[in-house]
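Try each task before reading its solution.

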Amino acid sequence: MDLGFYHRQMLSVFLALAFLAPAWPALEYANSQALTEQLAGLARQEPNLVRVRELARSREKRPVWLVDIGIGSDENRSTRPAVLVVAGIEGNDLVGPFTARAWIERLMKQYREDPPTAELLKKTTIYVVPCLNPDALERFFASPRIEGGGNNVPRDDDHDGLVDEDPCEDLNGDGLITMMRVEDKEGEYILDPNEKRLLLKADPLQGEKGSWKLLPEGIDNDHDKRWNEDGPGGGNFNRSFPHNYQYFTAEAGVLPISQAETRALADFVVAHPNIGIILTYGAADNLRKTPRAAKPPGRAAVDERDVGYYETFGKLYRKAIGLGKEMETLSEPGTFSDWMYFQRGRLSLAVRPWDVALARELSEPSKEKASTAEDKKEGAPTDPNASKTDKKPAKKEDKRDEDERKELKWFDEHAPEAFIPWQAVEHPDFKGQRVEVGGYRPFALANPPAPMLAEVAAKQGDFLMELARRLPRIGIGKIECHVLADSVYGIEIHVVNTGFLPTVLAHGETTQEVYPTRLILDLEPACFLAGARTTFLPTIAGSGGTAKARFTIHVAHGQEIHFKVVSMLGGQAEGTIPLLQAAENK
Amino acid sequence: MTRRIGGASPTLQKANAMTSRPGIRVGVIASMLTCWLWSAAWGGQPGATDPAEGTLPALGASFPIKVEVAWNRFHDHAGLGSILARLHEAFPDLTKLYSIGKSTEGRDLWCLEVTARKVGNPDRKPGMYIDGNIHGNEVQAAEVVDYTAWYLCHQYGRIDRVTALLDNDVFYLVPMVNPDGRDRWLRDCNGAMSSRGGSAPTDNDRDGVADEDDCEDLNGDGCITQMRIKDPQGRWKRHPDYPEYLMVRAKPDEPGEYTLLGWEGIDNDGDGRVNEDGKGGYDMNRNYPYDWRPPYIQYGARDYPLSQPETRAVADFVLAHPNIAAAQCYHNSGGMILRGPGREGGTMKSADERLLEIIGARGERILPYYRSIITWKDLYTTWGDEDTWLYGGRGILAYTDEMWTERNLYKGDKAPSNEDEAEFLKQVLLGDGVVPWKPYNHPTYGAIEIGGSKKEWGRTPPSFLLEEELHRNMAFTLYHAGTLPRLRISDLAVTPLGGNLFKVWVTVENQRMMPTRTAQDVDHQISPPDIVSIQGDSVRVLSSGRVTDRFFQRAEAVEYRPQRVELETISGMEAVRVQFILQGSGPFTVTVDSARGGLLHKDASLP
């Protein structure tokens with residue numbers, strides 16, 4: 001396929017979203033160039049609200065954009081409660097960038113049309129990284145189209161001293177890298193008796209002997225009798241963060257946070273400690289199901305004092321996307337999301353925005369029904385149909401591959417072009433053998449078919465709108481002032497959290513990465529008979545939780561005392577103690 | 001404060017600007033002519049001639065010396081850079097000078113590459129990486145690296161072992177990983193422990209402001225020392241025998257004289273605490289990526305592994321030099337040859353530990369009063385330190401050498417008592433090393449006294465022991481470097497099998513103790529395998545493989561690509577044999593390609 005052809009199509013995306021397009025057409029999604037133009041267009045429309053700046057340059061010199069939505073100066077924006085949304089951090093994520101961009105448009109629209117949203121955006125900052133890995137995204141638009149996790153940093157995947165010497169090839173000329181199956185007596189696979197398009201691992205315990213090999217599409221370029229084992233492609237950005245980093249695994253890369261893109265993201269969150277909620281699109285998910293909790297927190301288990309917040313956000317999420325029950329999810333090592341919670345102490349949500357298991361559940365809900373499922377205690381059996389990982393063969397009926405068969409059936413009914421039928425090819429490495437190329441289209445398993453994209457993005461957007469409303473938000477409650485004697489005052493200041501999250505999560509306290517809220521009185525140290533200029537307040541619970549600080553001060557009559565409350569995640573507030581009035585009121 | 005004598009000559013300054021190399025300081029030597037005339041006229045006195053003429057050099061670091069350096073002092077970043085620049089000028093065939101990155105404050109992280117550049121390919125020789133001074137206050141840890149460069153350059157061609165090292169191996173010498181901390185420690189007022197970390201601002205007291213309450217030299221004596229206040233309820237008193245040198249706790253039933261108030265300084269930010277948020281506040285030797293833990297578990301780890309430009313530069317450099325097989329990271333103090341792991345249960349393969357033990361045991365003999373020990377077990381737990389990453393993450397045999405021990409004061413294996421140290425200060429240093437207590441009027445504490453140890457005392461050797469410290473530590477590291485793998489194709493035997501068929505046996509010998517790939521390297525496939533290959537225009541390789549029994553002539557057959565045989569490792573002091581079954585005639589070349597063992601070729605011919 002000709003790249004220029006795609007490029008011309010991309011430019012037309014602004015004007016018309018093609019509704020008649022087949023599933024996974026390139027033109028539904030934006031490549032790096034188109035995304036750049038789209039974002040620039042948005043910033044032009046609402047320059048006071050939306051700012052776009054380059055966070056980093058990718059390895060292949062594409063810009064990684066950061067969109068910053070809010071009002072006022074940089075300093076205002078960087079001291080307000082903030083949400084960060086990161087998409088396109090995993091190489092096969094197309095729906096995340098689409099969703100992120102759609103949400104920015106929606107925020108802009110609501111800012112104009114919906115006063116509560118406008119109010120919210122005046123006191124909140126939204127940071128969006130629509131696509132952290134533009135180099136990987138570009139592979140969707142390349143020919144042949146190939147799905148992969150990382151960027152193209154060279155790596156000797158098969159440890160033979162040669163680098164990137166055996167990539168995939170498009171054998172059948174369809175512009176897609178899929179799979180190939182080779183009829184071979186030494187193969188480990190058999191055809192699934194119930195669905196000949198699928199293959200099953202032969203089970204020697206059942207007397208089965210394999211007759212097919214299943215390999216990625218391509219030839220053995222380096223003649224090592226392994227096929228396509230060392231193509232271009234480095235580690236997955238979203239496996240390279242330091243919590244539970246899996247050293248020496250292919251996905252993790254050679255070093256944690258080693259690429260310009262990941263480093264820029266890490267430096268950005270370090271420089272913006274006001275970010276209180278993070279949402280990352282990728283393979284891991286902690287919203288379809290409440291994550292495990294433990295004390296102390298484990299590798300994947302959140303602090304038991306924080307799990308309630310995760311549970312609440314999970315319920316909001318399932319409601320937003322119309323999921324009536326919890327579903328099994330994956331956690332992955334070394335994710336950006338886990339780093340932000342486990343090492344940086346922020347509420348960090350991970351979302352797998354679409355997969356066929358979710359699509360099946362949403363289009364044909366399983367028998368265990370919605371209304372009750374939400375209230376079930378943890379540990380209750382979950383729907384086995386929903387579990388992709390549960391592949392234990394049943395004893396009598398051959399249930400192997402049942403989930404895969406159902407998934408394929410779903411695709412047949414909703415997007416039949418997702419599965420490329422097996423097609424015989426001549427293969428130079430397997431002369432005289434039957435070789436077929438086919439299988440799922442690249443990117444089809446992680447991204448919804450085109451007709452569903454808008455709806456997926458809209459539902460995700462519904463949930464994203466909830467996040468900004470649930471940040472911690474610091475305010476000043478009542479101020480008590482008593483005259484104790486001439487020019488000696490007893491003062492009590494109440495600081496209140498009108499938001500939903502606490503000013504510091506339990507794990508924010510443990511990691512010490514979220515600083516305690518400070519109350520600072522604008523008075524000389526000598527004025528304090530009791531108390532001090534700076535008071536560190538305990539964590540303030542959300543939904544109206546209060547912290548108090550008491551002072552005895554010695555100042556002249558009539559002096560107003562200004563004070564400031566600074567919360568890392570909950571914003572800042574200023575107040576004044578009107579001493580004169582207090583004296584007169586005595 | 002170091003004081004510069006003279007400046008760079010105009011020509012050198014120009015060269016300097018063009019090559020962006022460290023400045024070369026040309027000391028302007030005072031005219032001695034006048035002195036000579038004056039003394040000659042009077043007679044009866046020795047002539048004030050150049051005393052270097054007519055000397056017999058003592059053993060160890062012999063003349064002629066092309067680059068004069070006084071090794072009994074500490075140089076700043078510019079000074080150490082200038083030594084490297086002069087060495088590079090004097091020894092262009094042995095050195096290459098470049099910067100591997102910039103510090104937080106923009107200082108270059110200099111690297112002098114030392115090898116016989118005209119003997120073999122410098123980039124393919126087994127590499128020894130040596131750095132120092134990642135902790136800014138640990139100053140002799142950089143001098144030793146410059147000393148190593150100076151020694152290697154001058155002794156090449158003179159001492160056989162040095163010649164062999166530079167012919168076969170390459171040294172990457174990075175004296176200062178933390179030049180910001182070093183210069184701050186040397187130039188500004190400091191205590192023995194201050195300026196350890198990097199210089200990026202850090203909010204230690206979490207009050208929203210970074211680095212706002214550091215120590216101060218209140219009395220302007222150039223030193224940050226201690227504050228004490230006379231206090232009838234205090235629990236400290238002066239030592240009866242060494243009142244100027246030592247404070248001791250009063251006995252439980254005895255009244256004290258003083259309360260100790262900590263390091264010299266004031267409460268700059270008015271928060272009721274003194275010196276609680278000084279410059280920086282993190283530890284770059286906890287910022288390496290293997291077994292890294294965040295700051296709430298490991299103090300000073302910073303936000304993520306390799307977050308700092310200095311550590312990132314070192315890691316990038318090591319990754320870019322896959323020939324590095326061994327490493328030394330210099331620190332002070334304690335007289336410890338430390339090896340990993342940094343934590344209980346951390347990575348250490350027994351075969352690799354055995355080698356580190358053997359080399360470390362030799363180090364204990366080269367370095368009297370030093371102990372060769374394991375970090376977590378014998379010192380304390382560390383997460384994310386450099387040698388743990390070098391070994392665990394890269395399979396490189398690395399040590400952390402903690403230079404200088406107070407056991408050297410009185411030459412014994414037992415640590416000297418406080419009284420012994422006070423005695424040394426008083427009678428050997430004649431009082432140099434402490435600042436006498438003097439009264440001071442402090443804004444918070446009122447009438448206090450300021451005094452105590454100088455920053456140099458405790459962690460650095462006195463001038464007359466410094467040179468010994470540099471030489472012995474270098475000698476240990478050169479012994480370590482001497483164990484780097486050294487490969488040789490010691491035999492290439494061609495046996496005719498009839499017709500145009502031949503059997504070729506290639507014997508590859510490792511003449512040193514270190515394997516080409518350590519057990520950790522092999523286990524995690526860090527380096528590529530060692531590859532023995534064969535090529536000839538009229539030669540076809542029918543089969544190949546490792547010889548498993550040379551006496552019974554057993555050999556394996558590789559599954560594919562018979563022109564190359566992959567070897568896991570070539571063990572120390574051993575040989576591997578590889579068999580090729582060839583068809584054809586004429587010349588062929590055998591190549592041994594080992595990332596850490598080097599690149600070897602040998603030509604031969606089929607009859």
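**Exercise 1.** How many residues does the contact take from chain A and from chain B?

*Solution.* This is a predicted model, in which local features need pLDDT of at least 70, side-chain atom pairs count only at pLDDT 80 or more, and totals for chains, interfaces and linings use all residues. Residues are numbered from 1 along each chain as its sequence is written, while chains are lettered from A and ligands numbered from 1 in the order in which they are written. Two residues are in contact if their C-beta atoms, placed from the backbone, lie within 7 Å. On that basis, chain A contributes 27 residues and chain B contributes 27 residues. Next, look for the elements giving two or more residues to chain A's side: they are helix H7 (260-271) and helix H14 (506-511) of chain A. Helices here are DSSP runs (H or I, at least four residues), numbered from the N terminus.

**Exercise 2.** Find the domains of chain A.

*Solution.* Bounds come from an automatic or database domain assignment. Domain 1 covers 3-142 + 233-285 + 330-354 + 448-469, domain 2 covers 160-231 + 415-445, and domain 3 covers 474-585. Now take domains 1 and 3 of chain A: their C-alpha centres lie 37 Å apart. Across their boundary, 13 residues of domain 1 of chain A are in contact with 13 residues of domain 3 of chain A.

**Exercise 3.** Which residues is Val67(A) in contact with, leaving aside its neighbours within four places in sequence?

*Solution.* Apply the contact rule to Val67(A): its partners are Leu39(A), Val50(A), Val52(A), Ile104(A), Val128(A) and Pro130(A).
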